Amino acid sequence: MFGIASNIKRLLYMIMEEWRTELHSMSTPIGEVKITRGIFQGDALSPLIFVIALIPLSMLLRKARDGFDLSGEKINHLMYKDDLKLYAKSDRGLESLVNTVRVFGQDVGMDFGVTKCAKLVDKRGKFSDANAIQLPDGREIKNLERGESYKYLGVLEAVEVQRDKMKKMLKKCTSGGSESCYSLK
């Protein structure tokens, strides 16, 4: 699909065959574990492989009917590494996009963190109440409540970017307060 040279593919297969990690209890080695599926977080190539693996999801979402027209382009998602934000004009459209992501995840053996997901309905720049999204397995994607915010690429958002909250977090971070600078990622 990406036209990767056969020698590079062979190299990747060989490297991935050797993925292992060593388990420790305190400082005592317990044993070695072979990584047989998923992306090995200790390998420098893993972020690139992960992003390549998600390109088909982005392509599927682009083919979906739902989204907003922006200068002649249909926009229904933003994706950066493992952060995904979906956009739709209606509940039905959003549920369709969520279902596309869910089915893709099942097909590739990837579990999407529903507990990190929330639904926000923005009507002309104003917060609007809505129903949660029910998934077939009984889990649900909760609604973002008034006054709540979420992080996308380290930035607190709701209907708009939460500038005041971000300023407070950054001040605590730079002054050595209790808020960790890493929480901004």
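The largest nonpolar core of this predicted model has 15 residues. Among its members, Leu57, Val98, Ile133, Leu135 and Ile141 touch the most others. Two elements each give two or more residues to this core: H2 and helix H3 (91–108). H3 supplies the largest share, five residues. In soluble globular proteins, nonpolar side chains tend to be buried together.

Take isoleucine 141 as a way into the core. Its contacts, leaving aside neighbours within four places in sequence, are Val98, Val114, Cys117, Ala118, Lys119, Ala132, Ile133 and Leu135. Three of these names, Val98, Ile133 and Leu135, also stand in the list of core residues that touch the most other members.

Now turn to H2. This helix spans residues 46–63, and serine 46 is in it. Is serine 46 buried or exposed? Serine 46 has a relative accessible area of 3%. The cut-off for buried is under 20%, so serine 46 counts as buried. What is serine 46 in contact with, apart from its neighbours within four places in sequence? The partners are Trp19, Ile39, Phe40 and Gln41.

Next come the strands. Strand S1 (residues 20–25) pairs with S2 in the antiparallel sense, over six bridges. S1 and S2 form a hairpin, with two residues between them. Methionine 26 lies in the turn and has a positive phi of about 60°. In a regular strand the side chains alternate between the two faces of the sheet.

Charged pairs complete the picture. Side chains of opposite charge can pair when their charged atoms come close. The model has five salt bridges. One of them joins glutamate 17 and lysine 34, with the closest N and O atoms 3.7 Å apart. Which parts does this pair tie together? Glutamate 17 lies in helix H1 and lysine 34 in strand S2 (residues 28–34), so the bridge links parts that are 17 residues apart in sequence. Lysine 34 is partly exposed, at 36% relative accessible area.

Glutamate 18 forms a salt bridge with arginine 20. Here the closest N and O atoms are 3.7 Å apart. Glutamate 18 is exposed, with a relative accessible area of 56%. Arginine 20 is partly exposed, at 32%.

Arginine 139 and aspartate 137 make another salt bridge through their side chains, at 2.8 Å from N to O. Arginine 139 has a relative accessible area of 33% and is partly exposed. Aspartate 137 is partly exposed too, at 48%.

Methods: Residues numbered from 1 in each chain as written. Predicted model: local features only at pLDDT ≥ 70, side-chain atom pairs only at ≥ 80, totals over all residues. Heavy atoms only, no water. Helix = DSSP H or I, 4+ residues; strand = E, 2+ residues; numbered from the N terminus. Buried < 20%, exposed > 50% of the residue type's maximum accessible area, 1.4 Å probe, protein only. Contact = heavy atoms within 4.5 Å. Core = buried A, V, L, I, M, F, W, Y, C linked by side-chain atoms within 4.5 Å. Salt bridge = Lys/Arg side-chain N within 4 Å of Asp/Glu carboxyl O. Pairing = 2+ DSSP bridges.
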